[in-house]
Amino acid sequence: MSPRSSALAGAERVGTDRERPEYASTHIPPHRRPLPLMVADAVHRPETETTRARLSLRTREWDIGRWPGARAEQRERAAYLRRRTLADLEGNLARLTENIEANGGVVHRAKDAAEALAAIERIVTRRQAQLAVKSKSMVSEEIHLNDHLTGLGVEVVETDLGEYIVQIADERPAHIVAPAVHLSRTDVGRRFSAIAGRDLGDDPDDLAAFAREQLREDFRNADVGISGVNFAVAETGTLALVTNEGNADMVTSQPPVHIAVMTLEKVVQEFADLETLLPILSKAGANQEITVYQTLVNGPRREGETDGPEELHVVILDGGRSDIVGTRYEEALACIRCGACQTACPVFGAVGGGHAYGNVYGGPIGAVITPLLSDRPEDRDLPYLSSLCGACGDACPVKIPLPDMLVDLRADYQEETASPATRAAWRAWARTWASRAGFAATIAGARASAVLPERVLRRLPMAGGWARGRSMPSTKDAGQMRRRRRDGGRR
Amino acid sequence: MTAGPMPRRVALFASCAADLAMAPAATGAKRLLEALGVEVDVPAGQSCCGQVALNSGHREPAATLARHWLDTFAGYEAVVSPSGSCVSTVHHGYPRLAAEESVGSSRMAERVAATAPRTYELTQFLATWGADLALELPARVGWHDSCHMLRMLGEKQSPRTVLGRVRGLTLHELENAESCCGFGGTFATKFPELSCAMGDAKLGAAAAADLDYLVSADPGCLLHLGGRSRAGGPEVPVIHVAELLSRALDHARGQDGHGETLVERSTA
């Protein structure tokens, strides 16, 4: 019988340590508050400004969005490789499956979260697992794996340092590769001190050492190791994982069972693709030439080997992705989950990280894929949570046209939700402004309204949200350039 | 940008924002072009490029205004606008609209392809053909790269080239010059708190740099930043580059206005 987790002992003391907003919880409610209200909350939280400054400094120091010389070529190559794989997604998945099985692994294809959870449940039940150690996996967030396993009586421990920090306070990761980016070292110190039952201070080295010590026993005792997958190579059946803490090495080699969870677009065609994709993921995600550890999993323990799991299971989740294939959003599946678009996004920073997007994936990539993948109708308006500044497009190491996609998704949203009255109003406005007389009337109206005092202007319906925080522009000189025209124009 | 001979006759496309609420950007642009000896036409039918509809998710009204824009401007040798954002819509947004089955057409695509390359943001035009314009203004300014001009139009250098020619002017590069100011069109009214917080980050850096002006080439950004600054945000005077350069033109001519319009104009 396995002992309970050592890392989570005392985690219940962290719960009340910090007042976290409800939208940051791992438990995503079936409905969410309107986006503007959630966003306004997030903007005003005291820790938001620190997070914004942290991300903005990182963007500058890492030179995110700039691709000098050889980096530009590497980016072109990465963009090409990802699209080449997507062009024959099913073919690549078939080869991947074949090769994983040839290596001694078992592949479970899952159409949706329920099927993925069922597959994992069968394995842990058969193994009578009580303790699972996990290395980072965004897919597992998407299917709410931790909740499901906990419900089965399996304790799940996040072993990525950032994931561990958010797990102990029941938070979702705030960023794809930097789950605790919204927290300061003081916050982390407070959480860890609560677990330890003594003051640990806020020195990052001390805190990391504490986490390592906490996790060590769990690696030894876990019945199951659960990991994500950064890339799965069709040609060889290799699963590639990158970490900076080596925890993926532990998770995939120490417990008797390794379950790797991936979504189907994680497949890459050839082993040689990793030569481009691993370094560009490291650079875009963490400003490293290469991460400290690259874990390449080529099947379970073979005869004569001294470590490695007895069983390797690879769960390949579709989760709505195959519906995106062949649409104008297909390139979104090229994403390598580096989080660079999140780091670079000024909106993501100004709302204090990904929580305020209300679902698993925040930031520009989240605002693109969440409406495409989520069952929750409220998530369809996420593409509006962007100023369309384009920083995400520049930051993306595989050249996903995120800004264009955000615009197109807005059009889809209006197509589905706009009322006849809204459509008529926009059409009438366009027709008015597409006529010389109509726009002249607008100018005259603007000039006339300029005599109104600001307190009245602010209450006009067209002032909308503008007046919240801004004074109204003056329109007294509207149309001025038209007055002293020397000729009548040709039209 | 290929620098052929300077167009002799251009259409000024003010942008609806400048036309309605930032007149000095439009009149300033007209003066600058005229100072170069360009004949400037201000087509009376002009209104909006349609970006606000496009980015709000309303393609059909966007296409209505795009077609109207093409009707208004397609016949000119060149079109110049004091809005980098609107010019980027013509360059990037219009081809995408034209390719949209529901609202576009190959005819529209052809017209866009013919007109967009001749459509310039003001400082692009001045950087290419305005080297001999006499400009002087003792001022310390910072530049706000509007996102659409910087990333969609791909234009970072031209405003710096032009400001670099203004005698007595110092350009201080802000560390967050390329960060979004938070305007974002209807984003500003849909998420006012967020929009203003982003504006404050931009204005805060400018305020700390002790500038005479924060300058940009986009009326939208400037209306937002100016409105925020006057309503409790960090205090920074903001000005459109066309108005600033127009003042520099006056200053170079002397206070009495009898100075030279042009020094020698080179034959390009």
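Which residue's side chain meets that of R191(A) in a salt bridge? I looked this up before anything else, in a model that is predicted. The partner is E171(A), at 2.9 Å from N to O. I then placed both residues: R191(A) is part of helix α9 (residues 185–196) of chain A, while E171(A) belongs to the loop between α8 (161–167) and α9, so the pair ties together parts that are 20 residues apart in sequence. For the whole structure, over all chains, my search returned 56 salt bridges.

**Entry: confidence**

I checked pLDDT for each chain. Chain A has a mean of 94, with 97% of its residues at 70 or more. In chain A, residues 485–491 stay under 50, and I noted 16 contacts beyond four places in sequence for that stretch in the model. Chain B also has an average of 94, and 94% of its residues score at least 70. In chain B the stretch under 50 that I noted is residues 256–268, for which the model has 23 contacts beyond four places in sequence.

**Entry: sheet in chain A**

I traced an open sheet of six strands in chain A, paired in parallel, and wrote down the order β1-β10-β7-β4-β2-β3. Which strands stand at the edges? They are β1 (106–110) and β3 (155–158); each has a single partner strand, so one side of each is left without a neighbour in the sheet. From one strand to the next the twist averages 20°.

Inside this sheet I followed one pairing. Strand β4 (residues 224–227) of chain A runs parallel to β7 (residues 257–263) of chain A, and four bridges join them. S227(A) has A260(A) in β7(A) as its bridge partner.

I then looked at helices lying across these strands. Helix α5 (residues 113–126) of chain A lies across β1, β4, β7 and β10, and its angle to β10(A) is about 170°.

**Entry: R71 in chain A**

I found R71(A) in helix α3 (residues 70–87) of chain A. Leaving out residues up to four places away in sequence, R71(A) touches K283(A) and E289(A). With E289(A) there is a side-chain to side-chain polar contact at 2.9 Å. I also took one C-alpha separation: R71(A) and P397(A) are 326 residues apart along the chain, and their C-alpha atoms are 9.4 Å apart.

**Entry: sheet in chain B**

Chain B has an open sheet of four strands with parallel pairing, in the order β2-β1-β3-β4. At its edges I find β2 (39–41) and β4 (119–121), each with a single partner strand, so one side of each has no neighbour in the sheet. The twist here averages 35° from one strand to the next.

Which strand does β1 (residues 9–12) of chain B pair with over three bridges? I read off β3 (residues 78–81) of chain B, in the parallel sense. In that pairing I noted L12(B) opposite V80(B) in β3(B).

Helix α2 (residues 23–35) of chain B packs on this sheet and touches β1, β2 and β3; its direction makes about 175° with that of β1(B). Helix α7 (residues 122–129) of chain B packs on the sheet too, touching β1, β3 and β4, with its direction at about 90° to that of β4(B).

**Entry: interface of chains A and B**

I counted 68 residues of chain B in contact with 66 residues of chain A. How much area is buried between the two chains? The value is about 5900 Å², and carbon and sulfur atoms give 59% of it. Across this interface I have ten salt bridges and 26 residue pairs in polar contact, counting pairs with both residues at pLDDT 80 or more.

I picked one of the salt bridges to follow up. E178(B) pairs with R66(A), with the closest N and O atoms 3.3 Å apart. I located E178(B) in the loop between β6 (167–172) and α10 (187–190) of chain B. Within chain B, its side chain makes a polar contact with the side chain of K156(B) at 2.7 Å. Setting aside neighbours within four places in sequence, I listed the contacts of E178(B) as R66(A), D145(B), L150(B), R151(B), K156(B) and K202(B).

Definitions and conventions
Residues are numbered from 1 along each chain as its sequence is written. Chains are lettered from A and ligands numbered from 1 in the order in which they are written. Side-chain values use heavy atoms; hydrogens and water are left out. Two strands pair if DSSP finds at least two bridges between them. Helices (H or I, at least four residues) and strands (E, at least two) are DSSP runs, numbered from the N terminus. Axes are lines fitted to C-alpha atoms, for helices over the stretch in contact, and angles run from 0 to 180 degrees between N-to-C directions. Contact means heavy atoms within 4.5 Å. pLDDT is the predictor's confidence in each residue, from 0 to 100. Buried area is the accessible area (1.4 Å probe) that two parts lose on being put together, summed over both. A salt bridge is a side-chain nitrogen of Lys or Arg within 4 Å of a carboxyl oxygen of Asp or Glu. A polar contact is a pair of N or O atoms within 3.5 Å; within protein, one must be able to donate a hydrogen and the other to accept it, and residues adjacent in sequence count only if both atoms are side-chain atoms.
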